[in-house]
Amino acid sequence: MTPAERAELVRLDRAHVWQPYDVGEDEARPPLVVARAEGSWLVDADGRRVLDGNASWWTSALGHAHPRLVRALARQAETLDHVALAGVVHEPAARLAAELAATLPGDLAHVFYTDDGSTALEAAVRMSVQLHANEGRPARTRFLALERAYHGDTLAPSMLGGLEVFRRPVAGLVVDCVRAPVPEAGGHEAAFEALERLVVAHAHELAAVVVEPIVQGAAGMRTYPPALLARLADVARRHGALLVADEVFTGFGRTGPMWAVEHAGVVPDLVCLGKALGSILPLGAVVATPRVRDAFRGGLPRTFLYGHTFCGNPLGTAVAREVLAVYRDEDVLARARPKAARIAQAFDALAQGPGVRATRSLGMIGAADLGGAGYAGDLGWRVYDEALRRGVYLRPLGDTVYVCPPLVIDDADLERLLDVVAESVTAATR
Ligand SMILES: *Cc1c(COP(=O)(O)O)cnc(C)c1O
């Protein structure tokens with residue numbers, strides 16, 4: 001691509017693309033013009049290679065252009081591109097549902113397909129309220145979540161979410177959510193104690209407790225001990241509230257095991273999936289236990305009258321089946337373990353440096369807090385600029401800098417990524 005062609009794309013972006021979170025608006029930070037992507041690398045229009053430090057918003061667990069995923073997509077596109085899942089079934093949707101049921105813990109076995117992570121949460125919210133109504137408890141319409149939770153940006157998930165900046169524009173609308181505060185510095189012990197008290201206090205009106213298991217991603221990769229989740233699951237169960245686990249980010253081995261709920265030995269009533277599920281295509285799912293599924297049987301008034309046009313799209317479900325097959329055949333989780341250990345080491349070392357307030361790591365995630373301004377902070381963006389100059393795409397969460405690379409990142413690429421994080425943090429906080 002010539003410099004003029006490249007400039008034209010930037011101009012068209014500015015003029016016509018309304019980017020999510022308005023990231024394209026910042027004049028000081030022109031967009032990367034990405035022409036290709038391969039493995040852990042994005043290739044700029046001028047041929048410059050940039051390491052994808054966050055696996056393209058946490059989706060690309062198997063790296064870009066994985067030949068098996070590309071082939072599965074092409075094969076499926078040639079055979080059956082799309083058909084509505086309306087009294088129709090097809091092989092990818094049917095087999096993927098069975099395969100997900102086989103890999104998820106406990107009796108999670110009924111797969112409701114959605115378009116992406118947000119719509120999976122949207123469906124889970126609707127299911128939770130209607131389940132209680134169907135079972136004769138119409139007062140249970142409220143939700144409980146953690147402060148600084150992130151569950152997606154459509155209306156219902158954004159109102160569960162506890163990140164003030166995302167919630168403010170829709171404050172006061174439909175979904176009624178009680179939130180337990182999480183103190184800035186760790187503090188999940190206290191937050192979960194508050195959650196448990198709220199479950200008890202609101203027992204008569206609570207539909208579900210919704211959590212990101214073990215790590216609150218968008219809040220700044222905030223991890224908490226699995227025992228807290230186990231205890232919360234127990235309290236929710238005893239008080240008749242459903243437990244919804246949002247595994248949109250944590251699923252597919254991001255935190256070590258295939259599903260983050262496995263850290264706590266918990267089987268939720270509903271699990272939401274997205275991101276790495278489709279990896280290269282938008283795809284989401286809610287997976288329910290038989291108890292939940294059965295509450296919707298028995299005639300029209302009990303039916304879940306809900307669906308998205310592209311539910312179970314053959315391309316997405318065929319690719320997701322191949323994602324699962326690659327995890328199995330390439331032993332992705334076991335091979336990620338030493339890489340995760342390297343991330344942990346590197347972030348431990350980073351904690352010793354000046355300018356770093358705290359670090360944490362879990363599986364293929366490492367995070368460092370540089371300042372106390374949270375999502376509104378600017379320090380992470382200074383690191384972003386430094387890292388980009390060194391060939392690494394390191395989009396921050398405000399004052400938190402993190403890595404979340406493909407699980408299959410080459411060891412040499414991972415070393416490069418971790419070196420650049422350290423160098424950029426030093427350069428930005430000097
Ligand atoms: C990204 C994310 C979502 C939303 O998924 P989308 O595909 O962006 O709609 C929901 N929950 C969590 C935990 C996420 O990280």
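Twelve names to look for around the ligand are W58, D116, G117, S118, Y150, H151, G152, E212, D246, V248, F249 and K275; a residue counts as near if one of its heavy atoms lies within 4 Å. This is a predicted model, where local features need pLDDT of at least 70, side-chain atom pairs count only at pLDDT 80 or more, and totals for chains, interfaces and linings use all residues. Residues are numbered from 1 along each chain as its sequence is written, and side-chain values use heavy atoms, with hydrogens and water left out.

By type, the shell splits into four nonpolar, four polar and four charged residues. Here Ala, Val, Leu, Ile, Met, Phe, Trp, Tyr, Cys and Pro count as nonpolar, Asp, Glu, Lys and Arg as charged, and the others, Gly among them, as polar.

Now for the polar contacts (pairs of N or O atoms within 3.5 Å; within protein, one must be able to donate a hydrogen and the other to accept it, and residues adjacent in sequence count only if both atoms are side-chain atoms). S118 puts a side-chain N or O atom 2.5 Å from a ligand oxygen, and K275 has a polar side-chain atom 2.7 Å from a ligand oxygen. G117 uses a polar backbone atom, 3.0 Å from an oxygen of the ligand. On its own the ligand has 380 Å² of accessible area, and the protein covers 84% of it (Shrake-Rupley method, 1.4 Å probe).

Elsewhere, look for an open sheet of four strands, ordered β1-β2-β3-β15 with mixed pairing. Strands are DSSP runs of E, at least two residues, numbered from the N terminus, and two of them pair if DSSP finds at least two bridges between them. At the edges, β1 (34-38) and β15 (392-393) each pair on one side only. Strand β3 (residues 49-52) runs parallel to β15, and two bridges join them; D52 has Y393 of β15 as its bridge partner.

One more stop is D46, in the loop between β2 (41-44) and β3. A polar atom of the D46 side chain lies 3.1 Å from the backbone nitrogen of R48. D46 and V33 are 13 residues apart along the chain, with 8.5 Å between their C-alpha atoms.
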